[in-house]
Amino acid sequence: MDVGRRGRVIVAGHLCLDLIPELPGRFDFVPGTMVGAGPMRISTGGSVSNTGLSLHRLGAEVTLVARIGKDPLGELVHRHLESSGEGLSKSLIVSPAGETSYTLILSPPDEDRMFLHYSGVSADFSADDLPDPLPPADILHFGYPQVLPRFYEDRGELGRLFERARRSGTTTSLDTCFPDLSSEAGRVDWRTIFEEALPAVDLFVPSLEEALVMLGSERYRQIALSDTAPLAAAPIEEIRALGKDILAMGAAVAGIKCGRRGLYLRTAPEDRLARSGRLLSGMGSRWADRELWGSTFEVEVRGTVGAGDAAYAGLLFGMLLGMDPEEALTAACAAGACCVEAHDTTSGVRSWEETRRRMEGGWQRSAEAPEGWAPGRIEGVWLGPADSS
């Protein structure tokens with residue numbers, strides 16, 4: 001099947017320039033010493049670039065909405081996006097005063113990454129930056145309110161953005177990033193913000209670490225202040241509880257990105273899906289009351305930055321193609337696996353045709369499954385205790 005270009009997605013929110021030095025392996029920061037590094041890769045980053053360009057590479061029609069500065073970094077962002085696809089930068093908002101956001105990413109092989117981030121003019125992004133009414137689109141995907149101050153300084157700003165999309169009948173999607181716990185964003189009551197916004201959000205798929213810190217108890221925040229590694233090893237019952245919690249706050253589809261462990265997906269009853277945007281509501285009972293776990297595909301990891309965004313793009317693209325949840329979950333795991341085969345955020349992501357051929361060619365998946373879960377109809381997908389299939 002030649003999928004061609006299918007589905008239109010508006011990807012809005014945080015956009016920056018990523019500076020990614022190639023690192024030889026694990027190292028320690030020791031003042032006064034020098035660490036050898038490889039070439040510096042320069043690309044765009046943030047949710048708008050990572051998820052947006054991943055969707056573009058898979059085959060979706062994408063509109064990118066974000067703020068950049070009228071400065072040399074902004075010119076680099078513009079050129080990079082245009083080199084990825086003609087017209088991809090046309091909907092960016094150029095702020096004549098101020099500087100483009102950037103992130104220095106330290107991502108050693110087979111290690112989690114570290115970020116040094118400057119918000120720049122992205123800090124000015126607000127719900128009013130979205131056109132009203134929203135242009136025709138199947139999905140509005142918004143990312144990274146944790147680095148967009150308007151969305152945590154004003155508790156209702158996130159809800160206003162999604163209500164605007166809801167009025168247009170667009171299926172809505174929210175992604176997050178890990179907040180700087182020493183900053184104002186790290187001290188915000190994110191649960192209260194999400195409780196107000198999620199009734200207008202159809203899909204919410206944070207990482208496990210993000211969800212535990214922003215939705216869990218103070219205990220998780222204290223753990224993360226010293227080391228996030230224990231959070232990534234949280235037991236499956238903690239993950240299931242997070243998924244149930246997200247649905248209880250109003251979302252129609254909850255996902256938890258668990259890195260190399262896999263991807264958890266849980267969906268609401270059919271009556272909630274019926275109140276979603278056109279794309280999701282049209283899927284009816286096929287997506288209702290499901291609980292699934294997707295295992296990772298086997299790859300050689302070169303860098304982990306952008307993997308969660310690519311996986312989210314794979315999930316959304318599967319929905320654009322009308323896939324059942326098992327198939328869309330598999331598409332998510334495949335896109336995330338392709339991403340980590342490259343050092344940067346998106347160049348490893350392949351077209352859907354190429355990705356599908358790779359899966360059909362016997363691409364191996366992890367055999368690890370949550371204890372007590374049943375095998376699904378697709379290899380590498382497991383059915384949870386709450387699954388209605």
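Author: Helices (H or I, at least four residues) and strands (E, at least two) are DSSP runs, numbered from the N terminus. This is a predicted model, where local features need pLDDT of at least 70, side-chain atom pairs count only at pLDDT 80 or more, and totals for chains, interfaces and linings use all residues. Residues are numbered from 1 along each chain as its sequence is written, and side-chain values use heavy atoms, leaving out hydrogens and water.

Eight of the eight residues of H7 (residues 208–215) are buried, so H7 is largely enclosed by the rest of the structure. Among them are Leu 208, Glu 209, Glu 210 and Met 214.

H6 turns up again at helix H4: the cover over the buried residues of H4 includes strand E9 (139–143), helix H3 (150–153), strand E10 (171–175) and helix H6 (190–197). Those buried residues of H4 (residues 157–167) include Leu 161, Phe 162 and Arg 164. Just after H4, Gly 169 has a positive phi of about 80°.

Now to E10, where five of its five residues are buried. Thr 171, Ser 173 and Asp 175 point one way, while Thr 172 and Leu 174 point the other way. E10 pairs in the parallel sense with E9 over five bridges; two strands pair if DSSP finds at least two bridges between them.

Terms used. Buried means under 20% relative accessible area, exposed over 50%, partly exposed in between (1.4 Å probe, protein chains only). Contact means heavy atoms within 4.5 Å.
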